[in-house]
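Student: I have a structure open and would like to learn how to read it. Could we go through it feature by feature?

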Amino acid sequence: MFTVLLIVHGLLAVALLGAITHQAVSVWLPARKPAGTFVRRFRSVPATSYANAIVVLYLVTAVLGAIVYTEYRVVVRVVLEQLDLWKTNGVFELKEHFAAVGLGVLPAYWYYWRTPLSGEHARTRAALTAILAFIVWWNFLVGHVLNNVRGFGS
Amino acid sequence: MTVTRSFPVFAVVFAAAYAIAYVICVEKNYALVTYHPAIYEWGLGVQKAKDGPAMYWFGWMATSGIGAGVIALAASWLPERLARRLWSGWSWAVPVAVMLVFCYLLRGYFLR
């Protein structure tokens with residue numbers, strides 16, 4: 001059951017990663033010319049339309065991650081400690097704390113992405129998007145690496 | 001979806017207060033609940049590990065969420081002239097600072 005949850009958690013994380021990356025890139029590196037190339041099309045998405053999906057995906061991914069975490073605590077972390085993999089444990093500790101901090105910024109993130117967008121709060125909106133993008137990327141990569149360290153089904 | 005006029009104040013104060021409350025809860029171990037994953041058991045408050053490790057993460061988030069919620073609700077009753085002075089950037093500046101604090105607090109994992 002935990003394997004299924006872990007896979008669903010990973011798939012939702014991929015969707016979240018795609019959405020937040022699109023939004024962050026379109027905010028920080030907006031395309032000024034008509035989208036012709038793949039990169040320019042990537043940068044010229046309507047960022048506003050991603051906000052609600054990002055909030056929902058973040059919440060659902062976090063809930064699934066919290067469920068999987070209980071198994072991780074018993075099955076994986078103990079082994080990492082026995083193997084003296086302190087850096088690996090450390091990056092996971094950061095993952096759990098960053099995920100928690102990210103939950104706290106969601107109401108503000110959601111509010112500042114409501115339409116019509118307020119020009120006055122463009123910097124706040126961009127910063128909140130960048131924080132969430134950083135957290136999602138960090139958590140995705142750390143989760144992926146940890147899964148590789150312990151090994152699937154071991 | 002319509003939101004009340006005080007919601008931005010609530011959201012900004014919540015983001016900042018939650019981040020601060022969370023780091024304090026982690027450091028002082030103010031967990032509202034403890035989970036014992038090896039025996040699938042929940043307990044109220046901070047409990048010692050029994051038959052396996054104890055998880056306080058859920059409890060830290062619960063304590064911080066309630067604390068920050070109360071603070072943010074109180075702030076959302078501020079008179080409008082004061083509320084208008086609230087810098088929206090606190091909603092990201094404080095969480096970023098708290099994330100850096102965690103990097104510092106957890107440095108021991110990387111310096112062994």
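Tutor: Let us begin with helices: the expected span of a helix is 1.5 Å times one less than its number of residues, and helices (H or I, at least four residues) and strands (E, at least two) are DSSP runs, numbered from the N terminus. This is a predicted model, in which local features need pLDDT of at least 70, side-chain atom pairs count only at pLDDT 80 or more, and totals for chains, interfaces and linings use all residues. Residues are numbered from 1 along each chain as its sequence is written, while chains are lettered from A and ligands numbered from 1 in the order in which they are written.

Student: How many residues does H1(B) have, and what distance does it reach?

Tutor: H1(B) has 22 residues and reaches 30 Å from its first C-alpha to its last, which is close to the 32 Å expected. Just after H1(B) comes Asn29(B), with a positive phi of about 55°.

Student: Is H1(B) mostly covered or uncovered?

Tutor: A residue is buried if 20 or more other C-beta atoms, placed from the backbone, lie within 10 Å of its own, exposed if 12 or fewer, and partly exposed in between. By that rule 17 of the 22 residues of H1(B) are buried, and the helix is mostly covered; for chain B as a whole, 36% of the 112 residues count as buried.

Student: Which elements follow one another in chain B?

Tutor: From the N terminus on, the order is α-β-β-α-α-α, with four helices and two strands in total. The radius of gyration, taken over C-alpha atoms, can be set against the globule rule, 2.2 Å times the number of residues to the power 0.38. For chain B it is 17 Å, well over the 13 Å that the rule gives for 112 residues, so the chain is more spread out than a compact globule.

Student: How do the strands E1 and E2 of chain B run?

Tutor: Two strands pair if DSSP finds at least two bridges between them. Here four bridges join E1 (residues 33-36) to E2 (residues 41-44) of chain B, and the strands run antiparallel. Tyr35(B) stands opposite Trp42(B) in E2(B), and the two strands form a hairpin with four residues between them.

Student: How many residues of chain B are in contact with chain A?

Tutor: Two residues are in contact if their C-beta atoms, placed from the backbone, lie within 7 Å. On that basis 35 residues of chain B are in contact with 25 residues of chain A, and H1(B) gives the most to this side of chain B, with 10 residues.
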